[in-house]
Amino acid sequence: MKSLGIHPWLFPQPVYMIGTYNDDDTVNQMMMAWGGIVDYKMVALNIAADHQTCANLRRRKAFTLAVPGVDTLEASDYFGMVSGRNVPDKFERTGLHVVKSDKVDAPIVSEYPVTLECVLVEEQQQPYGLRFLGEIVDVKADERVLDGQGKIDAEKLHAFVFDVFKNGYYEVGGMCGNAWKSGGKFK
Ligand SMILES: Cc1cc2nc3c(=O)[nH]c(=O)nc-3n(C[C@H](O)[C@H](O)[C@H](O)COP(=O)(O)O)c2cc1C
C-alpha cells in the first residue's frame, strides 16, 4: 500500500442540499457533502462559517435537507459554487421550483425527490469545525419515487455521490445486496 498523506478521502461522499430562507424570505440552497444522519431523528451539517446558510440557520432555526437526483445535477452543483451572500437571486437563476414546508420554516424544492424537514437544535463551535445539529420532524417524498408499499425506492431517486479524489459525480447504481442479510452465511 502507498502512503498518500492526510486527506478527507472517503468514497462515496453524499450530496445533500440544505434549504433555508434568507432574511428577505427568498430561498437559499447549498450543497453539502460533509454531513448526514447521526441518529434516528438527527442530522449534522458541517459547514464553513462564512456561508449564507449559517446566517440563515441562526435566524430561522430550521432547514430542509434534500437528496437531489441527476436531473437536477447542474443546478445542485451550482448551489455548491456560489454563495447567496454574493448572488441574491442564486436560487431563482436555476429555474427550480419551491414550496414552503408545512412543518418547519424552510423551503422544499419540488424537483428534489426526498426532503427531510428539520428544526435546528444545536450549534457546535469546535476547534475542528462548525456543526449544526437538526432534528427531523417529517420526511417528504415525491410520489414518483415510492414503490407499491409506499416506501421510497432508492433506485427511483437517481441519486448521485461525490468523488472527492477527482471532483466527479457518480450516479448511484443498482442494488447489490441486502443489509443485515447478505452477510448471514458467515454467522
Ligand atoms: C460537492 C460539494 C460539496 C460541498 N460540501 C460542503 C460541505 O460539506 N460543507 C460546506 O461548508 N460547504 C460545502 N460545499 C460548498 C458550499 O456548497 C458552497 O460554499 C456554497 O456556495 C455555500 O452557499 P451559501 O453561502 O449560499 O450558503 C460543497 C460544495 C460542493 C460542490
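For exposure I call a residue buried under 20% relative accessible area, exposed over 50% and partly exposed in between, with a 1.4 Å probe and protein chains only. The model is predicted, and local features need pLDDT of at least 70, side-chain atom pairs count only at pLDDT 80 or more, and totals for chains, interfaces and linings use all residues. Residues are numbered from 1 along each chain as its sequence is written, and side-chain values use heavy atoms, with hydrogens and water left out.

Salt bridges. I counted a salt bridge where a side-chain nitrogen of Lys or Arg lies within 4 Å of a carboxyl oxygen of Asp or Glu, and the structure holds 14 of them. I looked up E117 and K140, whose side chains meet in a salt bridge at 2.7 Å, N to O. E117 lies in strand β8 (residues 114–126) and K140 in strand β9 (residues 129–141), so this pair ties together parts 23 residues apart in sequence; strands here are DSSP runs of E, at least two residues, and helices runs of H or I, at least four, numbered from the N terminus. E117 is buried at 0% relative accessibility, whereas K140 is partly exposed at 25%.

Ligand. I then looked for polar contacts, meaning pairs of N or O atoms within 3.5 Å. One oxygen atom of the ligand is 2.6 Å from an N or O atom in the side chain of T53, and an oxygen atom of the ligand is 2.9 Å from an N or O atom in the side chain of K90.

Terms used:
Polar contact = N/O pair within 3.5 Å; in protein donor to acceptor, adjacent residues only side chain to side chain.
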